[in-house]
Amino acid sequence: MSAVREKRPFSAGSPRLGAGAGGGEPRVISGLVLRTGRGGLSVRVQGRVLLVTAVMLVALVAVALVTLTTGDFELSVGEVLRAVFGHGSGGADFIVNTLRMPRLLTATCVGAALAVSGAILQSLTGNSLGSPDIIGFTNGSAVGALLVIIVLHGSMTQIALGALVGGLATAAAMYLLMLGRGLQGFRLVVVGIGVSALLLAVNSYLITRATWQEALEAQAWLIGSLTNRGWQQANTIGIAVLVLLPPAFFLARRLSMVEMGDVTAMGLGVDVARTRALLLVISVALAAFATAVTGPIWFIALAAPQLARRLTRASGPALVPAALMGALLLAASDLLAQRLFAPALLPVGTATGTIGGLYLIWLLVTESRRSRA
């Protein structure tokens, strides 16, 4: 493997760059290019991206340690480590491995899944509002999951499959609505908002047809919560992330080329239609499994990719930093919800919804000023 340092101009004025794109002036992207011996594989590594990624990873580890060591029963880092490796006391083992660890792992995996899902959609549509919760994929997944919960009384696996089917069905419906008109960012967002409103009405109808107990459980699930999430939920979303994130990261370079426009991407040898289809399926599947495990958790998919891209100033979609940012945001939000409002059990969806709503207002104001300029 050889290393070559490169600098090349890159136009950041394209509207397809989405949030975080600069003005119309070309900027210089420098970095270290790693190539295999015969040049068959090359990877561009930017110093700022590495630095921001490392800082987020350290912050995520810090949040994880605070989550595992604090609470009603405080533990030392040593006690946590001994419990993780099976050498702790009975009490520490129960607190760490039964109560706190599965909830933490669920939060980090769901946050990463939602962030990568949002990053892919924002990149494909070239629109800052292109996220699964705005477009309607999250509500579609919720419809599928609610049908399994209320009508079929299914297991966790069946709920996950129902959410996946609901999300994919929503994507198919939106594709048919936009057939022949192209995947235009603004049009997709407008159609998605309408579809999302219809699906929200379906969710409300399903709750009205449920029994009192089922309605309470479904309504609590629709808020989005990590309470009482155990190893079954952690394993479900963990397997989904392990299966879906690697192909998403592998296709990130093609996604960057698609951002440049269809003609440019095809000139660089990218099968644009196939790449879009694969990435769309991955994005919907990530959002669906995350929704199945915790219920709809709003604005992580919207905010995390843009925050990661603004911090890294990356020229492409920056899926790895986006995943870490999503994991960090959700894990930190859940930690704050647990500690600041104890002993009340505040659903993490309420916290992310409040913060995300403020972020959405700021984003809309910023985009409005940019469009007038």
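Visitor: At what angle do helix α9 and helix α12 cross?
Guide: Roughly 170°, with the axes of α9 (residues 231-250) and α12 (residues 272-294) coming within 10 Å. Axes are lines fitted to C-alpha atoms, for helices over the stretch in contact, and angles run from 0 to 180 degrees between N-to-C directions. So α9 is roughly antiparallel to α12 (the term for angles over 145 degrees). This is a predicted model, where local features need pLDDT of at least 70, side-chain atom pairs count only at pLDDT 80 or more, and totals for chains, interfaces and linings use all residues. Residues are numbered from 1 along each chain as its sequence is written, and side-chain values use heavy atoms, leaving out hydrogens and water.

Visitor: Which residues meet there?
Guide: Among them, Ile237 and Leu244 in α9, and Phe289 and Val293 in α12; contact means heavy atoms within 4.5 Å.

Visitor: How do the residues of that contact divide?
Guide: Into 12 nonpolar, two polar and no charged. Ala, Val, Leu, Ile, Met, Phe, Trp, Tyr, Cys and Pro count as nonpolar, Asp, Glu, Lys and Arg as charged, and the others, Gly among them, as polar.

Visitor: New topic: how far apart are the axes of α3 and α13?
Guide: 7 Å, and α3 (residues 90-125) packs on α13 (residues 300-312) at about 75°. That makes α3 roughly perpendicular to α13 (65 to 115 degrees). Gly111 and Gly118 of α3 are among the residues making the contact, as are Ala301 and Pro305 of α13.

Definitions and conventions:
Helices (H or I, at least four residues) and strands (E, at least two) are DSSP runs, numbered from the N terminus. Angles under 35 degrees count as roughly parallel, over 145 as roughly antiparallel, 65 to 115 as roughly perpendicular and the rest as oblique.
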